[in-house]
Amino acid sequence: MASLKEMRNRIGSVKATQKITKAMQMVAAAKLKRAQDQAESARPYAKKMASVIANLAAGVSGADAPRLLAGTGQDQCHLIVVATADKGLAGGFSTNVIRAARERINSLIANGKDVKIIAVGRKSRDQLSRLYGDKLVRTFELSEHKTVGLPSAQPIAEMIATAFEDGQADVVTLFYSQFKSVISQVPTAKQLIPAVVEGDAAPIDLNGAVYEYEPSEEEILETLLPRNLTTQILAALYENQAGFFGSQMAAMDNATRNAGDLINALTLQYNRKRQAQITTELIEIIAGAEAL
């Protein structure tokens, strides 16, 4: 049975932990607003870029289509890009993304496909290196940059483009967490190569007009597709960042509440033990007085 001093020390330790989790919750809440604004601001640009590409792609087909759009025509080599956070203490944020990626990887391996992995974030690096160490070809740490931005996305896009051009990948898929709300982050898989037009990225309505492009659609796409690759990765990193702070804020709020409940339970236990000790001492005093 713990002594009163040990119980006081434990209550003090839990109170100190509660202060830390409360402070982390406040920091995450402060950072969430900026991260959410970045994610929401990136969405219209990424969507419009996809619409422009959809409009251009409608007039390109066959051998004239750029390789980033048409792909290699094969489905054997898959490059899986898994974007998580560098830090923890955010509930199941990174674990949920890695679980979705792991299911896809295991399915591809079971079907005899060649799989290579790029890990973005320390959490994905740590877990995927243990599970698929021989398939992990490159890792990126977001903490190398002061803030998430174009310098964070550009090296990843260049690595993907190089792997595709060198024939090391036929299909490239990005796994990240799409930010819905503070309590909802959805693990999402997005195919980057061959480029696909999402359901909400319909071609631009030209109202029956016919446009002649100078240079040609093919040449424009050759320029736009690499930029679109960077844009989609950057938008995903912004979504990830907002999701991380939202998940961390919720996790630290739960931790703060749990610490409060534990403090109350320990305090009640401490008071009962102290009361019992005082009662025992009083009985001993009274018994001693009666004996005299």
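This is a predicted model: local features need pLDDT of at least 70, side-chain atom pairs count only at pLDDT 80 or more; totals for chains, interfaces and linings use all residues.
Local features need pLDDT of at least 70, and side-chain atom pairs count only at pLDDT 80 or more, whereas totals for chains, interfaces and linings use all residues. Residues are numbered from 1 along each chain as its sequence is written, and side-chain values use heavy atoms, with hydrogens and water left out.

The protein chain holds 6 helices and 5 strands, where helices (H or I, at least four residues) and strands (E, at least two) are DSSP runs numbered from the N terminus. Their order from the N terminus is α-α-β-α-β-α-β-α-β-β-α. Of the 292 residues, 40% are buried, meaning under 20% relative accessible area with a 1.4 Å probe, protein chains only.

Helix 5 (residues 150–165) comprises 16 residues and spans 22 Å from its first C-alpha to its last, close to the 22 Å expected at 1.5 Å a residue; the expected span is 1.5 Å times one less than the number of residues. Its buried residues include Ile 156, Ile 160 and Phe 164. Seen down the helix axis, the buried residues of helix 5 fall within an arc of 125°, so they line one face; the arc is that of the directions from the axis to the C-beta atoms. Just after helix 5, Gly 167 has a positive phi of about 80°.

In strand 4 (residues 171–181), 8 of the 11 residues are buried. Its pairings are tabulated below; two strands pair if DSSP finds at least two bridges between them.

| Strands | Sense | Bridges |
|---|---|---|
| Strand 1 (residues 77–83) and strand 4 | parallel | 5 bridges |
| Strand 4 and strand 5 (residues 184–193) | antiparallel | 9 bridges |

His 78 stands opposite Val 171 in strand 4. A hairpin through 2 residues joins strand 4 to strand 5, and Ser 181 has Ser 184 in strand 5 as its bridge partner.

Notes
Buried means under 20% relative accessible area, exposed over 50%, partly exposed in between (1.4 Å probe, protein chains only).
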